[in-house]
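Please keep the sequence and the structure in view while reading.

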Amino acid sequence: MDLDQWRREGRYFEWQGQRIFYRDEGAGEALLCLHGFPTASWDWHRLWPELRAHRRVIALDFLGYGFSSKPLPHAYSAVEQADIVQALLAHLGVSRLEVLAHDFGDSVAQELLTRHGEGRAGGFDLRAVCFLNGGLFMEAARPRLIQYLLLGPLGPWLSRRLSFPRFARSFAAIFGKHTRPSTQELTDFWRLIAYGHGNRLGHALIQYIPERHRQRDRWVAAMQRTSVPLRLVIGMADPVSGWRIAKRYRELLPNADVVELPGIGHYPQVEAPEAVLAAVWELIGRSERG
């Protein structure tokens, strides 16, 4: 499957006047896939055939990402994206689901898990959550320089000047040494970012970093208290949220379930899809057995 086919086979859902791109395929229990910054649901394409063979798989492009609407100015947040996810699940009639999340999607998953524990989950039953590389605990994450610059006063100026060569160099550097994306893969990722002038939104989308600091205690407390099975699958060569996140996960969570992927960087679902699939199916199988 190529990116154009991915788009053609998707659908759109309207949320507060904005169009949200999503894919919904397969049958059975629902598995919700939440992508990261700055990419989109296309991140899951290498897992998609296997996932949809065993699950009803739902993946969306968050507002401001991929083929979804990209309003500006807009106050983007993980909390708002969780609202959108809940609205989409209600629209699709989903009441039970598992979650597979990555990067910024980890924050959305943390918010959903927190709402589940608070009894504000919109009626859905959360069965399991599998986190991939992401800033689950900001004290252990190491954001890139460009992320800090986007947060500063030069952020809007930098966003307007983001180009494919700059993106490609920075993006490839967070992959493992032997699993870096091809030129075609980098081009596809860039197409998603630049679609609808989304390359001008970096400074607005990156506001999830201070949000992570604000929500940190609430989200971590929910992870510590929950009875929902959790697993972290972590590319250990990731310079942003690799081994430090794994270490902190074990420190903070009782009976921490961590699957380490040596030599893999920030995008395990792209770099090591078979290992991610094995870890996901093991978690789901265990949660089904109770």
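Is E139 buried, partly exposed or exposed? E139 is partly exposed, because its relative accessible area is 38%, and the cut-offs place partly exposed residues between under 20% (buried) and over 50% (exposed). The model is predicted, and the points below are grouped by topic.

**The salt bridge of E139**

- E139 pairs with R248 in a salt bridge, where the closest N and O atoms are 2.9 Å apart.
- E139 lies in the loop between β6 (125–131) and α5, and R248 lies in helix α11 (residues 243–252), so this pair ties together parts that are 109 residues apart in sequence.
- R248 also counts as partly exposed, since its relative accessibility is 23%.

**Other salt bridges**

- Side chains of opposite charge can pair when their charged atoms come close.
- The count of salt bridges comes to 25.
- One of them joins E111 and R218, with the closest N and O atoms 2.7 Å apart.
- This pair links distant parts of the chain, as E111 is in helix α4 and R218 is in helix α10, 107 residues apart.
- E111 counts as buried because its relative accessibility is 2%, whereas R218, at 25%, counts as partly exposed.
- A further salt bridge connects the side chains of E118 and R120, at 2.8 Å from N to O.
- E118 is partly exposed with a relative accessible area of 38%, and R120 is partly exposed with 43%.

- Helix α4 (residues 104–118) contains A109, which is buried because its relative accessible area is 2%.
- A109 and Y249 are 140 residues apart along the chain, and their C-alpha atoms are separated by 15 Å.
- Helix α10 (residues 208–225) bends by about 60 degrees at Q215.
- Q215 is buried, and other buried residues of α10 include Y208, I209, W219 and M223.

**Surface patches**

- A patch of positive charge on the surface gathers R160, R161, R166, R169 and R200.
- Among these residues, R166 lies in helix α7 (residues 164–172) and counts as partly exposed because its relative accessibility is 48%.
- L145, I146, Y148 and L149 make a nonpolar surface patch of about 390 Å².
- L149 is found in helix α5 (residues 145–151) and is partly exposed, with a relative accessible area of 36%.

Definitions and conventions
Residues numbered from 1 in each chain as written. Predicted model: local features only at pLDDT ≥ 70, side-chain atom pairs only at ≥ 80, totals over all residues. Heavy atoms only, no water. Patch = residues over 30% accessible without salt bridge, like charges linked within 9 Å, V, L, I, M, F, W, Y side chains within 5 Å. Areas by Shrake-Rupley, 256 points an atom, 1.4 Å probe, with all protein chains shown as cover. Salt bridge = Lys/Arg side-chain N within 4 Å of Asp/Glu carboxyl O. Lys, Arg positive; Asp, Glu negative; His and termini not counted. Charge placed at Lys NZ, Arg CZ, Asp CG, Glu CD. Helix = DSSP H or I, 4+ residues; strand = E, 2+ residues; numbered from the N terminus. Buried < 20%, exposed > 50% of the residue type's maximum accessible area, 1.4 Å probe, protein only. Bend = angle between axes of the 7 residues up to and from the residue.
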